[in-house]
Amino acid sequence: MSKNENYTPARRRPFSREDACFWLWLIPVIAAYGLFKYWPMIYSFILSFANWNFISDFTWVGFGNYTNMFSKTMFIKGMVNTLKYIVYLFPFFVILPLLLSVMLLNVRNKFAQELYKTLFFIPNILALSIVCMVWLWIFSSSYGLLNNSLTKLGIASVNWLTNSKTAFYCIVAVCGWKYLGMNMILFIAGLLGISQDCVEAAYIDGASGWQCFWSIKMPLLAPTTVYVVITSVIFAAERAFTAISVLTSGGPSYTTTNLSYVIYEFAFKYYNIGTASAISTFTSVFFLLLTVIMMRTMGGYGYHEE
Amino acid sequence: MKNKKRLLSQSLLHVVSLVLLIIILFPLLWMVSSSLKTPKELFSNGINLLPKQITLENYRFVLEKYDFVQWLLNSIVTTFGIFILQVFISLMGAFALNYYRTRWNRIMFYFVLITMVIPFQVTMIPNYILISNMGLVDTQIAVILPYAANATTFFFIYQQVRSIPKSYYEVARIEGAHSFWVFQHVMCGLCKGSIAAVSILTIIDAWNLYFWPLLVLSSPKSRTLTIALKQFADYEVGDNWGPFMATASLASLPVVLAYTFFRRHIIDAFVSSGIKG
C-alpha cells in the first residue's frame, strides 16, 4: 500500500482480535465461494476418476477418463476451437473497442458522443439467448434476412449455420457484436482517466496526434488494456457458450464446439459424468495456466495488490 | 482552412459512427419492428424496418395466451435474489479485505479472484448434484444460490473500496466505531454511486441468465423469461414469430430501461474506479 499505510503493525499474537473480526466478516464469502466454486472443482476432480451417469453405481477407473478423453474427436475439436475462439474474438474484444473508444472521444458534439456511447453499449445489456434467436432468424437458410438480401443482390444463398465453413464465423460475429460495447466503455473510462497534463505537455513539445496517442496515451492506458486482454481471453470460452448452444449446438461436425460446450454435451447429453469431469479439470488447469502466463508476460503493467 | 478540415473530420466521424450504429442496432430494431408487424408482412421477403401497418395484436396474443405474468414474476424473484446475495457478499468481502490488516489478506484476495478464471461449465455438474441433493431443483432458490459467488462483481467492488483513503478507517477506529458502523456509513456511504452501478450490471446479468436456469428449472410454472422464450422458440415458434418477437421485446424492456436511467452511473463508476493497477 502507498503512503496511507501508517497502521501500527499488528501485535504478534498468533490470533488477534483483528484476525477474528476479519474471519467473521469473511464467513459469507468463504461459504459462497467454498460451496459453489471450490467444492465443485474438488468434486469434479474426484468424479473424473469414476464412471458414473447420475444413476448407476460409481466404478473407479483411475486415469481411464483422462487417457480416453484424448481419443475423442469432440474433445480435441473443442480444445482447438477454444484457442481459435480466443484468437478470432481478439479483434472484436480488444482492437475494435479501442478504435471505437478513440473515435468516440474525438466526437466534439457532447450530446452526440453521449448518444453513441449509450447506443453502442446496448447489445451488451440484452440477453444473449434472446438476441441469438433473433440472429437465428437473420442467419436462417430458408427465410433468413441475410440470404434474402443476398439473393436480391444476385448472390447464391449460403446455409450459414449448417455449413462447416461459415458456422464458426457466425458464432464469432454474434459474440463479437454482443461484447464489443463493454470493452469500449472500459477503454473510454481508461482514456478519460488519463491526466490531461501529460497529453498537453506532449502537444506543447510538438508531438503529433499519432505520436501522442502511441507514446503517451497507450502506455498510460496499459492497466485497462491488460485487464481487457486478460478478461477477453479467459471469457472467450464462456461467452461463446450461449451462442453455440442456441445457434449451432456445437455442430456441423464439431466445428463450432468449445471446451465449455463439450463438458455440457458429455454431462447432459451422453450422461458420461466421468469424461465430462475429466474435461472440466483439464479446462480449469488450462485456463489457470493461461492466466498465469498472461499475468507473467504482461506483469510490468498488471495487477499488483500494492 | 483549419476549420474546414475539422468540419470534414468531424462529419466523417459522425458518418462512421452512424453506419456502425445501424449495423450494431439492427438485430434489436428488427426484433421490435417484427413484433409490430402483421403475420402477412412478417413473412414477406423484405427487409423493411418500418412496418407498413403497426399492430399490437402480437402483444395481446402473448399476454392472453401465455403465462407471461408468471414468467415475469419468476424473473424478478431470481434477479432480485441474485442481486442481493451477490452484491452483499462482495461488499462484505471487500470490506474485510480493506478494513482489517492481517497476514491473510492477500491469500483471501486471490482465493476469491482465482475463481474468475474458472468457466461456469466446469462447476456446473457438481453444482447441479449439490442443488438436487438439497432438493431445490425447479425452485427459484436453485437458480439464485450458485450466483452468490461472482468474482467479477467482487473485483469491481474491491477496486472501488480500495480507493477510500485508509485514514478514514483509522479515524473511525480511534473514535471507537463498531465495524458494522464503518461498513455502513464509511464504506457504503462513500461508494454509493459505484455500488449503484455494479448493482445495475448485476441485475442486468441476472435478468439475462440463460444456461443455469435452463438446467435447474423444468416445470413451465417456474420458468424465467429467457427460458420461457427458449422453450417458445424450440416448440411453438412455427408461424408464431410475431408473438415470439413481442415476448422478446417485452423481456428486454426492463433492462433497457434500467440501463438508460443509470447509464451515467455505470460509465462514471468505470472512470472513477478505473481499472487501476
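S199(B) is buried in this predicted model, with a relative accessible area of 9%. The residue sits in helix α11 (residues 192–207) of chain B, and, apart from neighbours within four places in sequence, S199(B) is in contact with F83(B) and V87(B).

**Other buried residues**

- Let's move to chain A, where T291(A) is found in helix α12.
- T291(A) counts as buried because its relative accessibility is 9%, which is under the 20% cut-off.
- Which residues does T291(A) touch, once those up to four places away in sequence are not counted? They are I230(A), I234(A) and V117(B), so the list takes in a residue of chain B as well as residues of chain A.
- G176(A) belongs to helix α7 (residues 167–193) of chain A.
- Is G176(A) buried or exposed? G176(A) is buried, and its relative accessible area is 0%.
- Leaving out neighbours within four places in sequence, the contacts of G176(A) are L89(A), F92(A) and F93(A).

- Where in chain A does Y271(A) lie? Look in the loop between α11 (259–268) and α12 (273–297).
- Y271(A) is partly exposed, with a relative accessible area of 41%.
- In chain B, D138(B) also has a positive phi, with a value near 75°, in a residue other than glycine.
- D138(B) is in the loop between α6 (120–133) and α7 (140–144) of chain B.
- The relative accessible area of D138(B) is 24%, so D138(B) counts as partly exposed, a class that runs between the 20% and 50% cut-offs.

**Domains within each chain**

- Chain A is assigned two parts: domain 1 (9–47) and domain 2 (64–301).
- Taken over C-alpha atoms, the centres of domain 1 of chain A and domain 2 of chain A are separated by 33 Å.
- For chain B, the assignment gives domain 1 (2–55) and domain 2 (62–273).
- The C-alpha centres of domain 1 of chain B and domain 2 of chain B are 32 Å apart.
- Six residues from domain 1 of chain B and eight residues from domain 2 of chain B take part in the contact between these domains.
- How much area do domain 1 of chain B and domain 2 of chain B bury between them? The figure is about 560 Å², with 80% of it on carbon and sulfur atoms.
- On the domain 1 side, M31(B), S35(B) and F43(B) lose the most area to domain 2 of chain B, and together they account for 68% of what that side buries.
- Between domain 1 of chain B and domain 2 of chain B there are zero salt bridges, and there are zero residue pairs in polar contact with both residues at pLDDT 80 or more.
- Helix α1(B) supplies the largest share of the domain 1 side that touches domain 2 of chain B, namely four residues.
- By class, that side of domain 1 of chain B has four nonpolar, two polar and no charged residues.

- The size of an interface is often given as the accessible area lost when the parts come together.
- For chain B and chain A, the buried area is about 9900 Å², and carbon and sulfur atoms give 74% of it.
- The contact involves 106 residues from chain B and 102 residues from chain A.
- How many salt bridges are counted between chain B and chain A? There is one salt bridge, in which the side chains of E18(A) and R173(B) meet at 3.1 Å, N to O.
- Chain B and chain A also have 16 residue pairs in polar contact, with both residues at pLDDT 80 or more.
- Helix α1 (residues 2–35) of chain B gives the most to the side of chain B that touches chain A, contributing 18 residues.
- That side of chain B is made up of 73 nonpolar, 21 polar and twelve charged residues.

Note on methods
Residues are numbered from 1 along each chain as its sequence is written. Chains are lettered from A and ligands numbered from 1 in the order in which they are written. This is a predicted model: local features need pLDDT of at least 70, side-chain atom pairs count only at pLDDT 80 or more; totals for chains, interfaces and linings use all residues. Side-chain values use heavy atoms; hydrogens and water are left out. Domain bounds come from an automatic or database domain assignment. Contact means heavy atoms within 4.5 Å. Buried area is the accessible area (1.4 Å probe) that two parts lose on being put together, summed over both. A salt bridge is a side-chain nitrogen of Lys or Arg within 4 Å of a carboxyl oxygen of Asp or Glu. A polar contact is a pair of N or O atoms within 3.5 Å; within protein, one must be able to donate a hydrogen and the other to accept it, and residues adjacent in sequence count only if both atoms are side-chain atoms. Helices (H or I, at least four residues) and strands (E, at least two) are DSSP runs, numbered from the N terminus. Ala, Val, Leu, Ile, Met, Phe, Trp, Tyr, Cys and Pro count as nonpolar, Asp, Glu, Lys and Arg as charged, and the others, Gly among them, as polar. Buried means under 20% relative accessible area, exposed over 50%, partly exposed in between (1.4 Å probe, protein chains only).
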